[in-house]
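Here is a short report on a two-chain model. It takes the chains one by one, then their contact, then some single residues.

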Amino acid sequence: MRRYLARRLLLLVPVLVGVSVIVFMVLHLSPGDPVEIMLGAQATQADRARLRADLGLDQPVHVQYVRWLGHVARGDLGRSLWMKRPVLAEVLLRFQATLILAGTALLLSTTLGIALGVASATRPNSLLDRLSATASLFGASMPSFWLGIVLMVVFALRLGWLPASGMYAPYGGGGLLDLLAHLLLPAVTLAAASVTIIARLTRATMLETLGQDYIRTARAKGVVERGVVLRHGLKNALIPIVTVVGVQAGYLLGGAVLTETVFAWPGVGTLMVQGILARDVPLVQGCVLVVALSFVLVNLAVDLVYAWLDPRIRYE
Amino acid sequence: MSARVEPADAVAAGAAERSVLVRALARGARRNRVAVAAAAGLLAAVLAAVLAPWLPLLDPDAVDTVRRLQPPLTPGHPLGTDEFGRDLLARLVWGARVSLLAGVVTAAAAMVLGVVLGVLGGFYSGWVETVVMRLTDILMAFPYVLLAIALVAGLGPGLRNAMIAIAIVGFPFYTRLVRGVVLSLREREFVEAARALGAGDAVILGRHVLPHLVSPVIVAFSLDVGAKILVTAGLSFLGLGTQPPTADWGSMLATGRQFVILSPHVALLPGLAIFLIVLALNMVGDALRDALDPRTQAS
């Protein structure tokens, strides 16, 4: 396992370099002169030249990249042009909110998706199975931001059961219950598409697994049906399920931006969109970098879970 | 039992593939009535979008502040009006032009780029394969929507740039798919036979490899157009896609959101339009997959 881990970590290096090059280049090429944004239109030519030299913007691109990477490696993502604060602290603060939202959505979609998938696979073509197939088609076709608005109109504005937006109530809020109440609608919105994807995949792999010889053997041995389905079936069907859960984790992290916008959730997604509209390059770079890094780590975790589930992978 | 393509028949493979395709589609259409209905609905939406200038619609940009935020079924405005009193039906039909075109164009661009790179990466081992696959690995190391947003940040907000970003983010999906198919074809007997007969790379690719890519790529494309419509609408919803006064369904939803308490229809209708179109596309795509997938054909 240790050798597998080392090899897997080594494979991360080119991906991380590639990610950093893309993040740097994309925003380096962005329209708008950061010096002009920082100094305003009234600044003199000499002021601009001095700031440009201070920021290293007069040097060749590869020198700027290496310098930027050096700063990033030391945890210095620069200062936000718009908020005039260090980017890293701001991004990490907002990233917590995104993690809470995406993590809850992942928990919801994984538990519901696997339960629904197993139930559909044990009773194929039942009413539940057909409902779940229809729901998955709907889930894949529905814009998450629209579903969010529909849920908000119904449960927050019409019925008044749940708060419409934000993470805590502005007055007297702040407790765990307050957070959960604010979390429910965005988490359901974000999880909706993933639930259906995980359910469909779980159903397909479970159907395949339940047709294997060892399942028949288990039944012949007299193992109770629940044990056959869960211990012999689900455990062996888990590898593809873990893959899709990993993919969904990334999707939830990136896709959270739309849900965050609908519900004014103070996450890294809303921060990034504000940064783009304010042309705040360092801020946007920081947001993209932090989310992309966390996505890379999620993928690493998924691979390690595979190796743990299936010893054959370790010795490939 | 399906007929196997023997090396001697390889030259006829292209033509045979095409007639197999048509027959499979006809069989699928007979079996799946719902998908045919979805396809008909889709066709109607495309026709309405294309023919919008000649349809008896109100001017989508005509402002009438006296009759703002009228509910659906108001006389003269079957779907009501928006915050400037503009006719929602006309705006939805004109918005369909932008949304549908954006979905088809971005999916097509991603497909062409992805297929070319996938064929290259699958057919040529060595540095070509390494470069292509590392590039797709890196692009896939980003969450999809995040990378699209980052690219728009670099290129600047606007529909054209949003479409470029979505196409770039989308091509690795096709590259992976196509490379897998090409890798398995590369070792097949009929490719070996063609090579033994002296065929060059261009002939092998054009005659013996590309025809086998048609079915999987058609299926992927038909499902992808819907996904691309969703992402484009999402970027417009965030204010990074179409810019006013042009409106697509995503930006209509975004502006309608501000009036959601008193006039929810302004936000809900564009979203419903996106939902129905993408639903129809997915139903047609699923049916195409069932009709063209050899595994379901055999049954």
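## Chain B

Chain B has 11 helices and zero strands. This is a predicted model. From the N terminus on, the elements of chain B read α-α-α-α-α-α-α-α-α-α-α. Its C-alpha trace spans about 80 × 45 × 30 Å along the principal axes.

Chain B has 299 residues, and 46% of them are buried. Take the contacts in chain B between residues at least 6 apart in sequence: 70% join residues at least 24 apart.

## Chain A

Chain A is built from 13 helices and zero strands. From the N terminus on, its elements run α-α-α-α-α-α-α-α-α-α-α-α-α. Along the principal axes, the C-alpha atoms of chain A fill a box of roughly 85 × 55 × 35 Å.

Of the 316 residues in chain A, 40% count as buried. Among its contacts between residues at least 6 apart in sequence, 72% link residues at least 24 apart.

One helix pair crosses between the chains. Helix 1 of chain A packs against helix 5 of chain B at an angle of about 35°, with the axes 7 Å apart. A:Val23, A:Val26 and A:Leu27 in helix 1 of chain A meet B:Ala150, B:Leu151, B:Ala153 and B:Gly154 in helix 5 of chain B. The contact of these two helices has six nonpolar, one polar and no charged residues.

## Helix 4 of chain B

Helix 4 of chain B has 14 residues, which at 1.5 Å a residue should span 20 Å. Its end C-alpha atoms are 20 Å apart, so the two values agree.

Which residues of helix 4 of chain B are buried? They are B:Val132, B:Thr136, B:Ile138, B:Leu139 and B:Met140. Their cover comes from both chains: it includes helix 1 (2–28) of chain A, and helix 3 (88–123), helix 5 and helix 6 (159–186) of chain B.

## A helix pair within chain A

Helix 5 (residues 87–122) and helix 10 (residues 225–263) of chain A pack at an angle of about 145°, and their axes are 8 Å apart. The crossing of helix 5 and helix 10 of chain A is right-handed.

Helix 5 of chain A brings residues including A:Thr98, A:Leu101, A:Ala102 and A:Ala105 to the contact. From helix 10 of chain A come, among them, A:Val229, A:Leu234, A:Ile241 and A:Glu260. The residues of the contact between helix 5 and helix 10 of chain A divide into 14 nonpolar, five polar and one charged.

## The largest nonpolar core

The largest nonpolar core has 162 residues. Touching the most other members are A:Met272, A:Cys287, A:Val288, A:Ala292, B:Ala148, B:Ile149 and B:Ile274. Helix 10 of chain A gives the most to this core, with 17 residues.

What does A:Ala292 contact, leaving aside its neighbours within four places in sequence? Its partners are A:Val19, A:Val23, B:Ala141, B:Phe142 and B:Leu146.

## Single residues

Two residues of chain A have a positive phi. Most residues other than glycine have a negative phi. Phi of A:Asn125 is near 65°. A:Asn125 lies in the loop between helix 5 and helix 6 (127–141) of chain A. Phi of A:Ala264 is near 50°. A:Ala264 sits in the loop between helix 10 and helix 11 (268–277) of chain A. With 14 C-beta neighbours inside 10 Å, A:Ala264 counts as partly exposed.

B:Leu276 belongs to helix 10 of chain B. B:Leu276 is partly exposed, because 15 other C-beta atoms lie within 10 Å. Its C-alpha atom is separated by 12 Å from that of B:Ala37, 239 residues apart along the chain.

How values were computed:
Residues numbered from 1 in each chain as written. Chains lettered and ligands numbered in written order. Predicted model: local features only at pLDDT ≥ 70, side-chain atom pairs only at ≥ 80, totals over all residues. Helix = DSSP H or I, 4+ residues; strand = E, 2+ residues; numbered from the N terminus. Expected span 1.5 Å × (residues − 1). Buried ≥ 20, exposed ≤ 12 C-beta atoms within 10 Å, placed from the backbone. Contact = placed C-beta atoms within 7 Å. Axes fitted to C-alpha atoms, helices over the stretch in contact; angles between N-to-C directions. Left-handed = near helix turned anticlockwise from the far one by under 90°. Nonpolar A, V, L, I, M, F, W, Y, C, P; charged D, E, K, R; others polar. Core = buried A, V, L, I, M, F, W, Y, C linked by C-beta atoms within 7 Å.
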